[in-house]
Amino acid sequence: MDRQLSYSWFLCLVLSFAATEEKTIRCAQGFAALGDKCYLVSLEKASWQDALRRCHALNANMLVFDNVIEADYLKSYLNRLGLRTDDYVQALWTSLNDVERVGSFIIERTSKPMPFNNWEVGQPQLDGTEDCVAIYGSTLRYHDYACSNKYVYVCTTPLS
Ligand SMILES: [Ca+2]
């Protein structure tokens with residue numbers, strides 16, 4: 001009987017360890033799991049290039065929305081973090097840019113176009129000075145801005 005009891009305890013320990021382990025390997029430290037990605041929202045503002053460097057240093061990419069549901073998830077998450085997004089000074093950098101060719105917005109790293117049209121009405125402005133894309137507003141639409149502007153940013157990785 002004692003033996004059986006200690007076996008049960010052992011099994012319980014193994015299972016709870018496995019459960020903890022599963023949680024920790026889904027996202028790297030500091031990243032939160034939302035939908036099918038891990039997200040890290042920076043707390044300090046940076047230029048687009050610095051934001052890019054910092055995401056890469058974490059083996060992550062900068063944000064690009066795959067669909068409108070992802071924008072909804074992120075919006076709720078930002079609100080839970082206490083970040084408001086209703087003004088452009090609270091914008092967040094994404095991966096999208098047209099640094100190489102004006103008007104040709106691509107995802108940094110893959111060079112692919114944006115998965116769906118999420119531009120705010122009247123954007124992008126394509127004047128050659130606004131080459132990097134940030135999100136803000138009630139539905140987190142895309143706006144092109146000067147890459148030297150300083151905003152917070154979002155790094156993402158796939159769930160592992
Ligand atoms: Ca713009």
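**Note on the predicted model**

1. Just after helix H2, Asn59 adopts a positive phi of about 55°. The model under review is a predicted one.

2. On overall architecture, the protein chain contains three helices and eight strands. Their order along the sequence is α-β-β-α-β-α-β-β-β-β-β. The chain has 160 residues, of which 28% count as buried. Of the contacts between residues at least 6 apart in sequence, 64% join residues at least 24 apart.

3. The largest nonpolar core has 33 residues, and those touching the most other members are Met62, Leu92, Trp93, Ala134 and Tyr153. At least two residues of this core come from each of strand E2 (37–41), helix H2 (48–57), helix H3 (68–80), strand E4 (92–97), strand E6 (132–136), strand E7 (141–145) and strand E8 (152–158). E6 gives the largest share of the core, namely five residues.

4. Strand E8 has several pairing partners, which are taken here in turn. E2 pairs with E8 in the antiparallel sense over five bridges, and within E8 it is Thr157 that stands opposite Cys38. Strand E3 (residues 61–62) is likewise antiparallel to E8, with two bridges; Asn61 has Thr156 of E8 as its bridge partner. E4 and E8, by contrast, run parallel and are joined by two bridges, with Leu92 standing opposite Val152 in E8.

5. Helix H2 deserves attention for its two sides. Its buried residues are Trp48, Ala51, Leu52 and Cys55. They lie on the same side of H2, because the arc they cover around the axis is only 100°. In an α-helix there are 3.6 residues a turn, so residues three or four places apart point the same way. Arg53 and Ala57 are exposed on the other side of H2. The buried residues of H2 pack against E3, E4, E6 and E8.

6. Which residues does Ala51 touch, not counting residues up to four places away in sequence? They are Ala46, Met62, Trp93 and Tyr153. Ala51 belongs to helix H2 and counts as buried because 28 other C-beta atoms lie within 10 Å, against a cut-off of 20 or more. Ala51 and Met62 are 11 residues apart in sequence, and their C-alpha atoms are 8.0 Å apart in space.

7. Ala51, Leu52 and Cys55 are among the buried residues of H2.

8. Helix H3 has 13 residues and spans 19 Å from its first C-alpha to its last, close to the 18 Å expected at 1.5 Å a residue. Glu70, Leu74 and Leu78 are buried in H3. Their arc around the axis is only 70°, so they are on the same side of H3. On the other side of H3, the exposed residues are Val68, Ile69, Ser76, Asn79 and Arg80. The cover over the buried residues of H3 includes strand E1 (32–34) and E2.

Terms used:
Residues numbered from 1 in each chain as written. Predicted model: local features only at pLDDT ≥ 70, side-chain atom pairs only at ≥ 80, totals over all residues. Helix = DSSP H or I, 4+ residues; strand = E, 2+ residues; numbered from the N terminus. Buried ≥ 20, exposed ≤ 12 C-beta atoms within 10 Å, placed from the backbone. Contact = placed C-beta atoms within 7 Å. Core = buried A, V, L, I, M, F, W, Y, C linked by C-beta atoms within 7 Å. Pairing = 2+ DSSP bridges. Arc of directions from axis to C-beta. Expected span 1.5 Å × (residues − 1).
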